[in-house]
Amino acid sequence: MHEPIEDSGSDTADRYRYQYQVIARHCCEFDNSELLWALCEWHTDYILALSGHRFILVSVKHRERSKGNWTLTSLCDDGGLNTLRARWEECRKPDQVRLATNGALDRRAKQLAKACATGDAKLLKDFSEELQVKLGCATPRDAFEFLMRLRVEAELAPRKHIRAINIESHVRPMLRRQGKRNLEAGRVYDSIVQVVEEASRSVADNREDVTWTLSRFNSLDHENLREEDIARRLITGEHVAKAVDRVPKFDNPLLQTHLTPNGQTETRLAKKLRQGGIGETGIQSARRTRRSWTTFAAQYSSPLPFEGDLVDDLTTRVLHEAAMAEAESFSSNATYGREMLRILHERLTPNSIGAPSEIDLDRLHLLGLAYQLTDECKIWWSPEFDLSDDEEEVA
């Protein structure tokens, strides 16, 4: 594997804290998956190695909401699929290549993402002919081969919420698995992000006498990654374990589930529910119910490769029911949160929203998802108001 054509990512890494937090999700999975290591800023934003000599090239693209949904054209240009395709070929076509973004997809882009995830050969052949030139491919067959390896992970957490969501969905489950409940999850997360930032910023000595070449792509394993220039960008389970161990312990494990990063309790979730007429008991219940959802979602939201879109599908269904409940209960001159909650409590059941019968999902999980979407400002329980001074809900 040769030196990357460009090596400017590390020089401008201070602009990529969002990327560091995307990578940090993987760092919570070393003890619970086939993940062996992550390599930052090498050919793409990062590379994941799984057991069995499997590798994934990942490109992260943050997209401002003002730019609208991704289209097929913008995915290839602004989204960098054409560049990602070139990097994939340079790395001798590893097992998977992935575009990870917080941006939503338009209808055609969603069709492409679904066809890639399901391996729909017929549909991908059509897309290959359509996108051949945009992807910079010599033939439709070359485009088809790339699309069969492509996965589009859309609608990641936005920059404003990614810390809170990563803590809930990845750090807390990791600490529970490891029996480390006496560590404050926010500090653990920040320590892991620091490891990622240091790896992403690492720049090797580029003098001519420094070796940047590996003989072949499938030699990218633990033994051959000991070269100093690559090792600086490498993150393993050992690095993460040391980062976790650096976090000071506290005496009362129960505090972990009740503190916000700044010790404040007036979060967006609490403020919005209170504005909707829901009292303190309901707010406390909402916090606990929301945690039950994040625990459930973590089982189906691993940053490692997956083919399904269960969480996204449930989110769409719950948002639809919330919109219908709001339409029935809305009042511009009075609070309507209690009536909206009553309607949602009746309608948010696994059967009524068409959830798959084989998953262990109950009413409280769905209500917890509604509270999660409340904290993300996708669901309101009253007419909108200024939330600029409020804290995000992390407990």
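**Note on the salt bridges of the predicted model**

1. Glu90 and Arg87 lie three residues apart in helix 3 (residues 81-90), so about one helical turn separates them. Helices (H or I, at least four residues) and strands (E, at least two) are DSSP runs, numbered from the N terminus. The two side chains form a salt bridge, with 3.6 Å between the closest N and O atoms. A salt bridge here is a side-chain nitrogen of Lys or Arg within 4 Å of a carboxyl oxygen of Asp or Glu. Arg87 counts as buried, at 11% relative accessibility; buried means under 20% relative accessible area, exposed over 50% and partly exposed in between (1.4 Å probe, protein chains only).

2. The model is predicted: local features need pLDDT of at least 70, side-chain atom pairs count only at pLDDT 80 or more, and totals for chains, interfaces and linings use all residues. Residues are numbered from 1 along each chain as its sequence is written, and side-chain values use heavy atoms, with hydrogens and water left out.

3. Lys93 and Glu145 form a salt bridge at 3.1 Å, N to O. This pair links distant parts of the chain, 52 residues apart: Lys93 is in the loop between helix 3 and strand 4 (96-101), and Glu145 is in helix 6 (residues 140-149). Lys93 is partly exposed at 34% relative accessibility, and Glu145 is partly exposed at 33%.

4. Arg274 and Glu280 are joined by a salt bridge whose closest N and O atoms are 2.7 Å apart. Glu280 is partly exposed, with a relative accessible area of 46%; Arg274 is partly exposed, at 32%.

5. A network of salt bridges links Arg17, Glu197 and Arg201. The count of salt bridges comes to 23.
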